[in-house]
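Good morning, and thank you for coming.

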Amino acid sequence: MASPSRRLQTKPVITCFKSVLLIYTFIFWYAMFLTLIFLVELVAAIVGFVFRHEIKNSFKNNYEKALKQYNATGDYRSDAVDKIQNTLHCCGVTNFRDWEDTGYYSEKGFPKSCCKLEDCSPQRDADKVNNEGCFIKVMTIIESEMGVVAGISFGVACFQLIGIFLAYCLSRAITNNQYEIV
């Protein structure tokens, strides 16, 4: 058995070796975590691209449903409809006539968010409301911004791949040199 002084001399070396192995483990799992996030983002992008028409149809159906259930009392769907119509200067899903099939129209007419001008009360006067539907405008904006979204996503993906590659290289370098540390 080694003398107590000999054991004390090797203890720092063993502790250093354990620390290096611990760092290797963290770096390896960090690379695996980055890979997992990258794969989830990749799958989400592919699913979004493949089902883009279903997403459009779902948006249109939900917007039509929000029009049917519209009330000016502060419901979140009604607020969303008002916000879209005010921001994009549009009215209805395909055009302003979509409102004629709603309960709100039969009671009060067009909502104020359909007005062409500020502070109007259109009631049932079609000349005071925007003619163009909101669905086409929303889809136009989404499609026009798709290039920017794709570019940012591609940039983030490149940085993730670089991070994965560098973490993998560092963990390999630590593994290859672990016996030379002593």
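How many helices and strands are there in the protein? There are 5 helices and 0 strands, where helices (H or I, at least four residues) and strands (E, at least two) are DSSP runs numbered from the N terminus. This is a predicted model, in which local features need pLDDT of at least 70 and side-chain atom pairs pLDDT 80 or more, while totals for chains, interfaces and linings use all residues. Residues are numbered from 1 along each chain as its sequence is written, and side-chain values use heavy atoms, without hydrogens and water.

Of the 182 residues, 25% count as buried, that is, under 20% relative accessible area with a 1.4 Å probe, protein chains only.

I turn now to the pockets. A pocket is an open set of points on a 1 Å grid over the protein atoms alone, where a 1.4 Å probe fits, with protein on both sides within 12 Å along at least five of seven lines; lining residues have an atom within 4 Å of a point. The largest pocket holds about 810 Å³ of space, a volume being the space filled by probe spheres set on the points. Its lining has 23 residues, and A45, F49, M146, V149 and S153 are the closest to its centre. Two or more lining residues come from each of α1 (4–50), α2 (52–68) and α5 (134–177), and α5 gives the largest share, 12 residues.

The second largest pocket has about 210 Å³ of space. Among its lining residues are H89, K112 and C115.

Terms used. Buried means under 20% relative accessible area, exposed over 50%, partly exposed in between (1.4 Å probe, protein chains only).
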